[in-house]
Amino acid sequence: MAIDGAGKAGKTAAVLKPKEKFDFFHDERVRSAVYQILTACVVSWLAWYLISNTAHNLQVRGMNTGFGFLSATAGFDTDFKLIEYKPGVGTYGRIFVIGCLNTLLVSFFAIIFSTVLGFIVGVLRLSNNWLVGRLALTYVEIVRNTPLLLQIIFWYVGVFALLPRVKNSIDLSAGAEVVFLNNRGLYAAWPVPDDLYWMTIVAFVAAVIGAFVLRRWAHKRQDETGQQFPIFPASLAIIIVVPTIVYYASGSTLNWDVPTLQGFNFAGGGALPPAFLALLIALVSYHAAHLAEAVRAGILSVSKGQTEAALAIGLRQNKAMSLIIIPQAMRAIVPPMISLWMNVVKNSSLAIAIGYSDVVALFMQTALNQAGYAVEMVGMTMAFYMFISLSISGLLNIYNKRVQLEER
């Protein structure tokens, strides 16, 4: 009984602990909340002070403020636009949209092409062929160590400005006369779909989704059984066959508006100005050179034992690179690639040097000179670039978390 009593007393003493006293001034949680509140108040006060002080100064100088100018009509035209616009009818708000679309267009293709080219050059940098490796190294060192602005001007002034005139255009379609290149830009046949062509587009989207599902299934099957499935030819067949069947079954037609030479220029079809082409090539070559070094470093970060193990089980060199090395190297490639993609969008603003109608040249220069409202226009342009950069960063960070190793 004495032992039981002592045991119960020990348990009671172990359970009953002295209550911790709450000290408001020394509690870590209180300090953290107070510091956050103080920081938010200081930032809010600074923002209010800057905005109110700017508005007061503009009012004293008799300068207009506000965003009412977005609904005012703009009296100038642009040489390149993706949506309909007429000078004297369209508004400054529409000019802003046109500039944003033009920036997104060149940035989108620059990101895709620079990523593909960067991976190719990065792999070639590690080639066992001495000539291939040296050529890749020469490209990287020359392009990466030359200012981007000079490259843009070089392509615009030194290449596209020296192309033949319209009457002596270069036929890039090998005699079919549907794609022409001259010093005024690139002219190509443009598709003109009928009312039922939307069914073919829907079928194409469904085929792409089906190819993605097939890829997921093939990878899961390979992980479980070790058997490989021909993903690329099967996906390519789905993407081609399904829309083709729907195209003929729906009776839809797709006509082509072919550019024809009329007077001093081509009429009809689609056209890309030389400023767009020069900017696109400069952005692609410049950022691909930077990405190539990130790819090379990522591949070198993977242990050589992984390559040796892949070759030992019978995989060919290209299969070992695509299935074993590159997936592991992506953990080191993705972080610098996030910054590179954001830089592509921001560096597209250098188009102002060659007259491409991006958001900076069209909205923050031409429109600002006519309408004023400098603070509002600069703020809207900065907000546009910030939104695109944060969107790219957010999406790639999600992918980056998926490819990182999970610690146990």
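This is a predicted model: local features need pLDDT of at least 70, side-chain atom pairs count only at pLDDT 80 or more; totals for chains, interfaces and linings use all residues.

Visitor: Pockets, then. What volume does the largest pocket have?
Guide: The largest pocket comes out at about 1500 Å³.

Visitor: And how many residues line the largest pocket?
Guide: There are 28 of them, and R215, H219, S322, L323 and P327 lie nearest the centre of the largest pocket.

Visitor: Which helices each supply at least two residues of that lining?
Guide: Look at α6 (197-225), α7 (231-249), α10 (317-347) and α12 (374-403), each of which gives at least two residues to the lining of the largest pocket.

Visitor: How does the lining of the largest pocket divide into nonpolar, polar and charged?
Guide: You get 14 nonpolar residues, seven polar and seven charged.

Visitor: What's the volume of the second largest pocket?
Guide: The second largest pocket has about 470 Å³. Its lining has 16 residues, with L126, I299, T307, Q317 and M321 closest to the centre.

Visitor: Which helices each supply at least two residues there?
Guide: For the second largest pocket, α8 (274-300), α9 (304-312) and α10 each put in at least two lining residues. By class, that lining has eight nonpolar, six polar and two charged residues.

Visitor: Which residues make the contact?
Guide: On the α6 side, they include Y197, F204, L214, R215 and H219, while α7 brings I231, I238, V242 and Y247, among others. The contact of α6 with α7 counts 17 nonpolar residues, three polar and one charged.

Visitor: What about α8 and α10, at what angle do they cross?
Guide: At roughly 145 degrees, and the axes of α8 and α10 come within 8 Å. Their crossing is right-handed.

Visitor: Which residues in α8 meet α10?
Guide: L283, H287, H290, L291, A294, V295, G298 and I299 of α8 do, and on α10 their partners include M321, I325, P336 and N347.

Visitor: How do α3 and α4 pack?
Guide: Helix α3 (residues 92-124) and helix α4 (residues 130-144) meet at about 130 degrees, and their axes are 8 Å apart. They are therefore oblique to each other, and α3 passes α4 in a left-handed crossing.

Visitor: What makes the contact there?
Guide: From α3 it's L117, V121 and L124, and from α4 it's V132, G133, A136, Y139 and V140. Seven of the residues in the contact of α3 with α4 are nonpolar, one is polar and none is charged.

Visitor: And the backbone detail you promised? What's phi of E177?
Guide: E177 has a phi near 60 degrees, a positive value in a residue other than glycine. Most residues other than glycine have a negative phi.

Visitor: Where does E177 lie?
Guide: You'll find E177 in the loop between β1 (170-171) and β2 (179-182).

Note on methods
Residues are numbered from 1 along each chain as its sequence is written. Side-chain values use heavy atoms; hydrogens and water are left out. On a 1 Å grid over the protein atoms alone, a cavity is a set of points where a 1.4 Å probe fits but cannot get out, and a pocket is an open set with protein on both sides within 12 Å along at least five of seven lines; lining residues have an atom within 4 Å of a point. Grid points are joined across faces, edges and corners, and a volume is the space filled by probe spheres set on the points. Helices (H or I, at least four residues) and strands (E, at least two) are DSSP runs, numbered from the N terminus. Ala, Val, Leu, Ile, Met, Phe, Trp, Tyr, Cys and Pro count as nonpolar, Asp, Glu, Lys and Arg as charged, and the others, Gly among them, as polar. Axes are lines fitted to C-alpha atoms, for helices over the stretch in contact, and angles run from 0 to 180 degrees between N-to-C directions. Angles under 35 degrees count as roughly parallel, over 145 as roughly antiparallel, 65 to 115 as roughly perpendicular and the rest as oblique. A crossing is left-handed if the near helix is turned anticlockwise from the far one by less than a right angle, and right-handed if clockwise. Contact means heavy atoms within 4.5 Å.
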